Amino acid sequence: MLIQTERRIPSSEITPRETYMNRRAFMAGAAAAGIAAVAGDRMTRLAEPEGVEAAEKLTLVKSPLSLTGETPTSFQDITHYNNFYEFGVDKGDPARNAGTLKTRPWTVQVEGLVKQKKTFDIDALLKLKPMEERVYRFRCVEAWSMVIPWAGYSLSEFINACEPLPSAKFVQFLSLADGKQERLPFEAGISWPYSEGLRMDEAMHPLTLLTFGLYGETLPNQDGAPVRLIVPWKYGFKSAKSIVKVKFVKSQPSTTWNDMAPSEYGFYSNVNPNVDHPRWSQKTERRIGVPIFRQRQPTLMFNGYGDQVAKLYAGMDLKKNF
Amino acid sequence: MSRRWIIAMKFVAHAACLGPLVWLLWRLYLSVTTDPAALGPDPTHTVTFFTGRGTLRLLVITLAVTPVRRLIPKLSWLGRFRRLLGLYAFFYACLHLLTYVWLYAGWSWAAMVDDISQRRFITAGLAAWLMLLPLALTSTTWSIRKLGGKNWNRLHWLTYAAAIAGVVHYWWGVKSGVKTPLEITVVLGVLLAARPILAARQRSERKAPSPARA
C-alpha cells in the first residue's frame, strides 16, 4: 500500500484554470482598452502575450516505462522553478519571461546524415505516434530533483521517421535562438543557439522521450514548448528545450555546457552519485516541493534507470566519461 | 546623543537584525505545517541563501560604520552600534553554517571533510566563519581592556578578510551566469577603498590645518 505522507496543496488554494484564463482575458481586455498605452511595456507583458497558445489537453495512453509509487512534483513548481537560460538565468525568469515565445507556427528541421532533408510541422509531430504519459524522475546537475508526468513518445519513433543513414553515430539538437522572442542574456555566457547531443544508441533507447506535454497538457512555454527532449537518466541540461533543428552527424557534436566548462559538464552527463561536480557533491539531491527536513535524499545511479540503460555503457570508465 | 535616543536606536537595530530571522522562522513553521510552498520550491536553498546573504549584508554594514562616522561627524554615535551589528553578522553566519551541517552534510563528518578538502567554495566559507569566531569571542569590553586597544584593533581588521572570503565564497557557490553577488562585491570594494582614502585625508588635514580652524 502506498502511504501518502506528503502534504499536498489544498484544492481550495488552486485557482481553477477557467478563472485563471478569465483573469488573463480580462487583463488582455484592459490592455486593449488603453491601459497598456499608459503603463507601457510592463502591462503588455502582464496581459496575454500575442502568439501564446493556451494549453491543450492531450489524449494519452499509459506506458509501462512510467514510474509508479513516487509523488509527482506540483504543476506550480514544475512551471515556476526552471533553468531555461534563453529567458534569464534565475529560476523564476522563464515563468516570468517565456510568454513572448511563439510556439505556432513551429517547425523542426532535420538535416545531416539522412536520406533526405525534412521539415516537420509541430502539428504533424503531435500526431506522428500515440502520445504516452511517462512519469520520470528529473535530476538537475545542480543537485535538485523532481518527479514529472511528461507526455510524448519515444524519440526512436521520430528518428525512424527521419531515416538517418548508417553512418550517423550521433544526433545533435538545437534550440530556438531568436532575440525577438527570447532575451538570450549576455551574462549567461552562452553562445546561442543552445546545443545538445546524444550517441545514436542513447537517442534510440525507448526511455528517451520526445516530449510535448506535462500533466496531460501541452508544454507551458517555460518548460521548453512546443517540443523538447527528456533523457531521464542524464542530468537535466542534456534534455534540450524548444527544439528547432535535429542534425545527424558522424562524430560527437559540440554541446553547450560541455563547451563552456568541460571539467564540470561531460558530454555523457549520466546521473552518477560517484562522480561529484567539482563544486558540489552529487551523492544526494534535494527534492523540490518537499518539506525542508525531508528534501535531502540519495541520488541513484543513472537516476534509478540503471536496469534499462547501464548496458549502453558497458566497459566504459564512467569516471573518465562523466 | 541623549541616552533615550541611544536606547530607542538600539531597539530599532535589534528589531532590524532579528526581523528577517523572525520572518524566516515563521515561513519555516508554515512550510512544515499548513503551507508547503511557504519557503518556495526549494526550501533548503531558500534558507541557505537567506542566512548567507544576511551575514554578508550585516558584515558590510558593520564595516561601513567607521567610514560613515569619519565622513559625517554628526553620526559618530553610530560607533556604539558596531559591536551589536558585528555580533549579528556572526549570528547569521552560525545559522548559515548550521544550515550546511544539518541540511547539506546531514551531520556527517565524512561528508564535511570531503566538502572542505575538495570544494573551494566551502573552504572559503569555512575560512570566513573561522575568522569571525575570534572576533565574536573578543567582542567583550573585558577583552578590549585585556588585549589593549591597539592589539584589539589590529585583530579586528580580520573583519575585512572575513568579508572578502565571504564574497569569494558567494561567487564560487553560484552557478556561472548568475551575477547576484555583484552588488555586495561593489559595496565591499567601496568600503575597502574608503579606509585608506579617509586615513590619507585625515593625515593631510592634520599636517595642514584648515584656515577656518587656524
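Predicted model: local features only at pLDDT ≥ 70, side-chain atom pairs only at ≥ 80, totals over all residues.
1. Start with what each chain is built from. Chain A has 9 helices and 12 strands. Chain B also has helices, 9 of them, but its strand count is 0. Read chain B from the N terminus and you get α-α-α-α-α-α-α-α-α. Along the principal axes, the C-alpha atoms of chain B fill a box of roughly 65 × 40 × 40 Å.

2. Next, how much is tucked away inside? In chain A, 40% of the 322 residues are buried. In chain B, 23% of the 214 residues count as buried. Take the contacts between residues at least 6 apart in sequence: in chain A, 70% of them join residues at least 24 apart. For chain B, the share of such contacts that join residues at least 24 apart is 64%.

3. Now find the open sheet in chain A. Its 5 strands come in the order β2-β1-β10-β5-β6, and the pairing is mixed. At the edges stand β2(A) and β6(A), the latter covering residues 195-199; each has a single partner strand, so one side of each has no neighbour in the sheet. From one strand to the next, the twist averages 20°. If you're wondering what holds such an arrangement together, strands of a sheet pair through backbone hydrogen bonds, either parallel or antiparallel.

4. To get your bearings, look for A:Thr107, which stands opposite A:Asp121 in β2(A). With β10(A), residues 243-249, β1(A) pairs in the parallel sense, again over 4 bridges. Here A:Glu111 is the residue to look for, standing opposite A:Lys247 in β10(A).

5. Strand β5(A), residues 170-175, runs antiparallel to β10(A), and 6 bridges join them. One pair to look up is A:Val171 with its bridge partner in β10(A), A:Phe248.

6. Over to chain B, where helix α8(B) spans residues 158-173. This helix has 16 residues and reaches 22 Å from its first C-alpha to its last, close to the 22 Å expected at 1.5 Å a residue. Its buried residues are B:Ala162, B:Ala163, B:Ala165, B:Gly166, B:Val167, B:His169, B:Tyr170 and B:Gly173. What covers them? The cover includes α2(B), α5(B) and α9(B).

7. The axes of α1(B) and α2(B) come within 11 Å and cross at roughly 175°. These two helices are therefore roughly antiparallel to each other. Their contact is made by B:Cys17, B:Pro20, B:Leu24 and B:Ser31 of α1(B), with B:Pro43, B:Val47, B:Phe50, B:Gly54 and B:Leu58 on the α2(B) side.

8. The other pair is α3(B), residues 82-104, and α5(B). They pack at an angle of about 140°, with their axes 10 Å apart. That angle makes α3(B) oblique to α5(B). The crossing is left-handed. From α3(B), B:Gly86, B:Leu87, B:Phe90, B:Ala93 and B:Leu97 meet B:Trp129, B:Leu132, B:Leu135 and B:Ala136 of α5(B).

9. Finally, where do the chains touch? In all, 23 residues of chain B are in contact with 24 residues of chain A. On the chain B side, α1(B), α2(B) and α4(B) each supply at least two residues. The largest share, 4 residues, comes from α2(B).

How values were computed:
Residues numbered from 1 in each chain as written. Chains lettered and ligands numbered in written order. Pairing = 2+ DSSP bridges. Buried ≥ 20, exposed ≤ 12 C-beta atoms within 10 Å, placed from the backbone. Contact = placed C-beta atoms within 7 Å. Expected span 1.5 Å × (residues − 1). Axes fitted to C-alpha atoms, helices over the stretch in contact; angles between N-to-C directions. Parallel < 35°, antiparallel > 145°, perpendicular 65-115°, else oblique. Left-handed = near helix turned anticlockwise from the far one by under 90°.
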